Structure formats: C-alpha cells, structure tokens
Amino acid sequence: MIKKISKYSHPVIHHLMDTEGKEETRGDQDDKQAVAEIMARCFTPTLITNIPWEGFRFVGHEIRIAEATDCYGAVVWPSALVLCYFLETNAKQYNMVDRNVIEIGAGTGLVSTVASLLGASVTATDLPELLGNLQYNISRNTKMKCKHLPQVTELSWGVALEKKFPRSSNDFDYILAADVVYAHPFLEELLVTFDHLCKETTIILWAMKFRLEKENKFVDRFKELFDLEELSSFPSLDIKLYKAMKKNQRSA
C-alpha cells in the first residue's frame, strides 16, 4: 500500500519512504498502515490547470484544494489530513450534524470543508491575508452540498476576541485545530484564544505535529487550563491527536 501511493508528491510520503529499510516493530507497522490509509485519501490532478490544486477524498466527495507555496497557511499539512480522517471515521462518536463548529488557523480550509460535509455549521477563521484562498476553497467544495453554509471570518489569535466573538454569545460545540503550534511567537495568544472560545461543554479536537521543544512547552501550558486526552498517535509523522475540555468548568 505504501508503494502504491509513494508516487504522490506529498511530504508525508517522502517521510514514510525515508523510514523504509529500518527494522520495524508491530507498532511501527500499525502506524505506517494507518498513515497509508490516510494518505490514500489524496489524489493528484490528471490535468494541469491555471490554479495548482491538491485532491482529497473525504465523506464521499472529491475535495479540490488550491494551495500556495509562499505561505505556511496556504498548504495542506499532514495534521489536517489526520484530523479530517478522524472526523470521518469517528462520525458517530463525534457527531458533527447541526453542531456549531469553529476552526482556528483554518489555512486552506480542508478541515472546515470536511466538517461542513459532515453536517456541521462551521466558522472557518484565519489571518486576513489567507481569507481569500480560504473562502475560495470552502465555497468551491461545499456549494450545494452542505446542510449549513460555512462562514469564513478573520481571527488573529488574542486580538479583539471579545469584540469579534463575545463570550456571552459563544456557543461552539467543537473547536477544530490542525498544526497551529509551530515556530511562531503567538503561542500565548493561541492559548488565550482557545480559552476565550470555549464554553462549559466545548470539545477541542486538535492535531499537532511535534517539531521543537516549543511544542512540548505549549502542551504543558495548555494542560494548566484544559483536561487533555490523547486520542491517537502517529509516531512516523510525529503527530498526536488530542481531545480537550476546559479544566475548571468541566470539574465544576
């Protein structure tokens, strides 16, 4: 199965191929199999178009995502694929139908698109310079296909949160986040944003790639405010998938 998709140019595949030839444990084999199943949802365009795009298959739909190589937020990173796969394969336990969902750091919009196709009422957020591509991707992949029209809006972490998302009116059932922790100087603002958007019963589903010590430190800080549960792990990708709820409100 790995060889079948190894021609795909996604960096995940290159990562998997780099580990081939090493002695594998049963856990390694299970990890590779799971990652291969996720990456099998990707496909490459058969025709060259003016706008470069990557293809993905989730929720019975072909999703075409326009990317850009000059911006971190305009690329589909592996954590997004992990989160999409989880949402689809755990749709009964984490039912998105008619749920109020917000994605922070939505990037290309793949995760928000999948959540919308699963029946959620989605608000996709990111920095202002990313909203054009984000809106384009979500609109082209959800038009006439979703129960609720997804919304796209600006959200700069830690900035004017009460003005844009008043605590009194926040009613999010789920917060989705994929690869929002990396080498940027806004980790404290990210934590504040998580805290602000959460209500008593909000569930955070968060896929995270561990690259540097900053990621571990952020998880430690995150645990001060939230109960954190590891749902799954993909060691070959250095990615973990977490579920979290606000600590003080959950225990009240």
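Predicted model: local features only at pLDDT ≥ 70, side-chain atom pairs only at ≥ 80, totals over all residues.

Q: Okay, where is glutamate 103?
A: Glutamate 103 is in strand 4, which covers residues 100-104.

Q: Buried or exposed, that glutamate 103?
A: Buried, because its relative accessibility is 2% and the cut-off for buried is under 20%.

Q: And what does glutamate 103 touch?
A: Not counting residues up to four places away in sequence, glutamate 103 touches Val111, Ser112, Thr123, Ala124, Thr125 and Leu176.

Q: How many residues of strand 4 are buried?
A: Four of the five, so strand 4 is mostly covered.

Q: Which strand is joined to strand 4 by four bridges?
A: Strand 5, residues 121-126, is joined to strand 4 by four bridges, and the two run parallel. Strand 7, residues 174-178, is also joined to strand 4 by four bridges, again in parallel.

Q: Who's the bridge partner of isoleucine 102 in strand 5?
A: That's threonine 123. Towards strand 7, glutamate 103 stands opposite leucine 176, and Leu176 is also among the residues that glutamate 103 touches.

Q: What do strand 4, helix 5 and strand 5 make together?
A: They make a β-α-β unit, and it is right-handed. Helix 5 there is residues 110-117.

Q: Let's stay with helix 5. At what angle do helix 5 and helix 6 pack?
A: At about 30°, with the axes 9 Å apart. Helix 6 is residues 131-142.

Q: And what do you call that arrangement of helix 5 and helix 6?
A: Roughly parallel, because the angle is about 30° and angles under 35 degrees count as that. The crossing of helix 5 past helix 6 is right-handed.

Q: Which residues meet between helix 5 and helix 6?
A: On the helix 5 side there are Ser112, Thr113, Ser116 and Leu117, and they meet Asn137, Ile138, Asn141 and Thr142 of helix 6. Ser112 is also one of the residues touched by glutamate 103.

Q: New topic: where does serine 156 lie?
A: Serine 156 lies in the loop between strand 6 (151-154) and helix 7 (161-164).

Q: Is serine 156 buried or exposed, and what is it in contact with?
A: Serine 156 counts as buried because its relative accessibility is 15%. Leaving aside neighbours within four places in sequence, serine 156 is in contact with Leu127 and Pro128.

Q: Last one: which residues are buried in helix 8?
A: Leu187, Leu190, Leu191, Thr193, Phe194, Asp195, His196 and Leu197. With eight of its eleven residues buried, helix 8 (residues 187-197) is mostly covered.

How values were computed: Residues numbered from 1 in each chain as written. Heavy atoms only, no water. Buried < 20%, exposed > 50% of the residue type's maximum accessible area, 1.4 Å probe, protein only. Contact = heavy atoms within 4.5 Å. Pairing = 2+ DSSP bridges. Right-handed = clockwise from strand over helix to strand, strands pointing away. Axes fitted to C-alpha atoms, helices over the stretch in contact; angles between N-to-C directions. Parallel < 35°, antiparallel > 145°, perpendicular 65-115°, else oblique. Left-handed = near helix turned anticlockwise from the far one by under 90°.
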